[in-house]
Amino acid sequence: MQIVPCAEGDDKLIAEKLDAIIDSMITFDNPAEGELVVFKVTDSDGAIIAGSNLIIGCWKVADIDILWVEEKYRRQGIGSSLVRTAERTARERGCHMMTLGTFDFQAKPLYEKHGYTECGTIKDCPTKGHMHYDMIKWLNRPFTEFVSPVPSPYEIRLGSEEDVEFIDDRLVEYNLSKIPSMHDFVQIGKRCRVMMVNW
């Protein structure tokens, strides 16, 4: 056997083969196509100051893939508003579960306030001395919605494909300000994350 780079269309074939295995083992009542929903918050000049990327998985599991708030706008209730908006959108799409991943220098306390619990941890990730947390919240169970004591004066609107990259880039910049990159990375797939759910 030999491992070689994929030719055009190979990625689709591999994904279809994996889907066939999963479909043979699990039956879903209402499977759906994966969907990316982008939310953004802008200032009075129209500049994006916060945003989140929500992935609605094909099995009706939603994932907060990205959540970012510009530093000077933090602790103003914007992060909480983005979480609540993502959850409402997921429920409207029939999702029963929300997942996310966060590092120890990101927003774990915010998510805990909203009822998310750890379902997995990775020590020394992304580097020695840090932690990565996988978190989960069941959307189909009774809950008390957390409302920030500081109501956000900003409106959350749907974003565009360009907003996805802007929001993603801002979170990468924040992460690198906390832990500098040790090497360049190679992006294997432009939207590989869109089809993944953190378990």
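**Notebook: one predicted chain**

I looked up isoleucine 21 to begin with: its relative accessibility is 46%, so I put it down as partly exposed. The model is a predicted one, and I read every value with that in mind. Isoleucine 21 sits in helix H1, which covers residues 10–25. I then noted that Ile21, Met25 and Ile26 make a nonpolar surface patch of about 320 Å².

**Whole chain**

I went on to the chain as a whole. I found four helices and seven strands. Along the sequence their pattern reads α-β-β-β-α-β-α-β-β-β-α. The chain has 199 residues, and 39% of them count as buried.

**Backbone entries**

Before the next entries I wrote down a reminder: most residues other than glycine have a negative phi, and most peptide bonds are trans.

Which residue in the loop between strand E2 and strand E3 did I look up? It was lysine 60; E2 covers 48–56 and E3 covers 61–69. Lysine 60 is not a glycine, yet its phi is positive, about 65°. Its relative accessible area is 21%, and the cut-off for buried is under 20%, so lysine 60 is partly exposed.

Arginine 75 is another residue other than glycine with a positive phi, near 65°. I located arginine 75 in the loop between E3 and helix H2, the helix of residues 78–92. Is arginine 75 buried or exposed? Its relative accessible area is 78%, and the cut-off for exposed is over 50%, so arginine 75 is exposed.

I also checked a peptide bond. The one from cysteine 125 to proline 126 is cis, and its omega is near 10°. Proline 126 lies in the loop between strand E5 (117–123) and strand E6 (131–138).

**Histidine 132**

My last entry is histidine 132, which I found in strand E6.

I then looked up what histidine 132 touches, leaving aside its neighbours within four places in sequence. The contacts are Gly101, Thr102, Phe103, Gly120, Thr121, Ile122 and Cys125. Cys125 had already come up in my notes, at the cis peptide bond to proline 126.

Definitions and conventions:
Residues numbered from 1 in each chain as written. Predicted model: local features only at pLDDT ≥ 70, side-chain atom pairs only at ≥ 80, totals over all residues. Heavy atoms only, no water. Patch = residues over 30% accessible without salt bridge, like charges linked within 9 Å, V, L, I, M, F, W, Y side chains within 5 Å. Areas by Shrake-Rupley, 256 points an atom, 1.4 Å probe, with all protein chains shown as cover. Salt bridge = Lys/Arg side-chain N within 4 Å of Asp/Glu carboxyl O. Helix = DSSP H or I, 4+ residues; strand = E, 2+ residues; numbered from the N terminus. Buried < 20%, exposed > 50% of the residue type's maximum accessible area, 1.4 Å probe, protein only. Contact = heavy atoms within 4.5 Å.
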